[in-house]
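Subject: Structure for you to look at

Hello,

Here is the structure I promised to pass on. Please open it alongside this email. My notes follow below.

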Amino acid sequence: MAAIDEIRRAEDAPTLAVLAQITGYSPTHFQKVFKRATGLSPAAYARALREDRAREALGAGDSVTGAIYEAGYSSPSRFYDDTKGKLGMTASDWKNGGRGRTVHWSVIETSLGAMLVAATEQGVCCLSFNEDESDLARRFPEAEMVAAGEEFRQLFRQVTAAVENPAQATLASIPLDVKGTAFQQRVWQALREIPAGETRSYGELAAALGNPKASRAVGGANGANNIAVLIPCHRVIAADGSLGGYAYGTQIKERLLEREKPR
């Protein structure tokens, strides 16, 4: 898409009017077409690209301030405003691999078995089955692990209710603390938009994101998801209609899908 190329090339995010003119659409229609193709508005897409550039620069060992400007931000304050609640950590935390962050965790017995749920002060960062603190530590090797206290009880009750009755859960009401590339974020958001009781194949999900040939990349993003159920990767099945794989076993996947079917 010419508009995406323009966003990637531009030093500053192009205005909606400029992008619409490139494509020959009215601004309103262009906004709808772009969001349908990418899962994000043009402005959100541009922000996600800047976040990716910042991650890459920080991961390469650049200074925090240098990485922020290199990524295309006009100031450090703009970076912190844009990434608050998205990266799940500050630029300095990211550079240090998450060192200094605290992850509060608990193992909760559910009808699907033992559920590991973990959260930071910003939201849920992990939900998995038949795992424990050692598995969590491997996912977040630089974070401090703390058994969840009273302050996380209500949040974990919401999470448990979503697992026990996913058809009735309002996933958007549960805060998440996730980090990923712009593409992974698009896939995860698309997963959250699949209605309960419905499924998609990797190819269908890729087509919905505007790139029918990206089914393998969609599968990779699906596999990188640390938050089962709340980011419902169990709603993605094989192209032939079979269940396909699932990180926590196809039996749990089958039971989740069964629970979501209309009664």
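Let me start with a loop. Asn130 sits in the loop that runs between β3 and α8 (133-139). Its phi is near 55°, which is a positive value in a residue other than glycine. Most residues other than glycine have a negative phi. Asn130 is exposed, because its relative accessibility is 54% and the cut-off for exposed is over 50%.

Please keep in mind that this is a predicted model.

Val229 lies in the loop between α12 and β6. The phi of Val229 is also positive, near 70°, and Val229 is not a glycine. Is Val229 buried or exposed? Val229 is buried, with a relative accessible area of 2%. Asn130, by contrast, counts as exposed.

The whole chain

The protein chain has 263 residues, and buried residues make up 45% of them. There are 13 helices and six strands. The chain exposes about 13,000 Å². Carbon and sulfur atoms supply 49% of that area. Residues 24 or more positions apart account for 57% of them.

The α10 and α12 pair

How do α10 and α12 pack, and at what angle? Helix α10 covers residues 182-192, and helix α12 covers residues 215-223. The angle between them is about 80°, and their axes are 9 Å apart. The two helices are therefore roughly perpendicular to each other. On the α10 side, the contact is made by Phe183, Gln184, Val187, Trp188 and Leu191. On the α12 side, it is made by Ala217, Val218, Ala221 and Asn222. By class, this contact has seven nonpolar and two polar residues. It has no charged residues.

Which residues of α12 are buried? They are Val218, Ala221 and Asn222. These residues cover an arc of only 105° around the axis, so they are on the same side of α12. An α-helix has 3.6 residues a turn, so residues three or four places apart point the same way. The buried residues of α12 pack against α10, α11 (202-208) and β6 (236-237). On the other side of α12, Arg216 and Gly223 are exposed.

Next come some residue pairs, with C-alpha separations.

- Gln122 and Val178 are 56 residues apart along the chain, and their C-alpha atoms are separated by 9.4 Å. Gln122 is in the loop between β2 (113-120) and β3 (123-129). Gln122 counts as partly exposed, at 34% relative accessibility.
- Leu176 and Ile231 are 55 residues apart in sequence, and 9.3 Å apart in space, C-alpha to C-alpha. Leu176 is in the loop between α9 (153-164) and α10. Leu176 is buried, because its relative accessible area is 18% and the cut-off for buried is under 20%.
- Glu164 and Ser111 are 53 residues apart in sequence, and their C-alpha atoms are 7.1 Å apart in space. Glu164 belongs to helix α9. Glu164 counts as partly exposed, at 32% relative accessibility.
- Gln21 and Ala3 are 18 residues apart in sequence, with 9.4 Å between them in space, C-alpha to C-alpha. Gln21 lies in helix α2 (residues 16-23). Gln21 is exposed, with a relative accessible area of 68%.

One more point on Glu164. Which residues is Glu164 in contact with, leaving aside its neighbours within four places in sequence? They are Thr110, Ser111 and Arg259.

Where to look

For a quick tour, begin with the contact of α10 with α12. Then turn to the other side of α12, where Arg216 and Gly223 are exposed. After that, view the two positive phi values, at Asn130 and at Val229.

Best wishes

Methods
Residues are numbered from 1 along each chain as its sequence is written. This is a predicted model: local features need pLDDT of at least 70, side-chain atom pairs count only at pLDDT 80 or more; totals for chains, interfaces and linings use all residues. Side-chain values use heavy atoms; hydrogens and water are left out. Axes are lines fitted to C-alpha atoms, for helices over the stretch in contact, and angles run from 0 to 180 degrees between N-to-C directions. Helices (H or I, at least four residues) and strands (E, at least two) are DSSP runs, numbered from the N terminus. Angles under 35 degrees count as roughly parallel, over 145 as roughly antiparallel, 65 to 115 as roughly perpendicular and the rest as oblique. Contact means heavy atoms within 4.5 Å. Ala, Val, Leu, Ile, Met, Phe, Trp, Tyr, Cys and Pro count as nonpolar, Asp, Glu, Lys and Arg as charged, and the others, Gly among them, as polar. Buried means under 20% relative accessible area, exposed over 50%, partly exposed in between (1.4 Å probe, protein chains only). The arc is that of the directions from the helix axis to the C-beta atoms. Accessible areas come from the Shrake-Rupley method with a 1.4 Å probe; for residues, only the protein chains shown count as cover.
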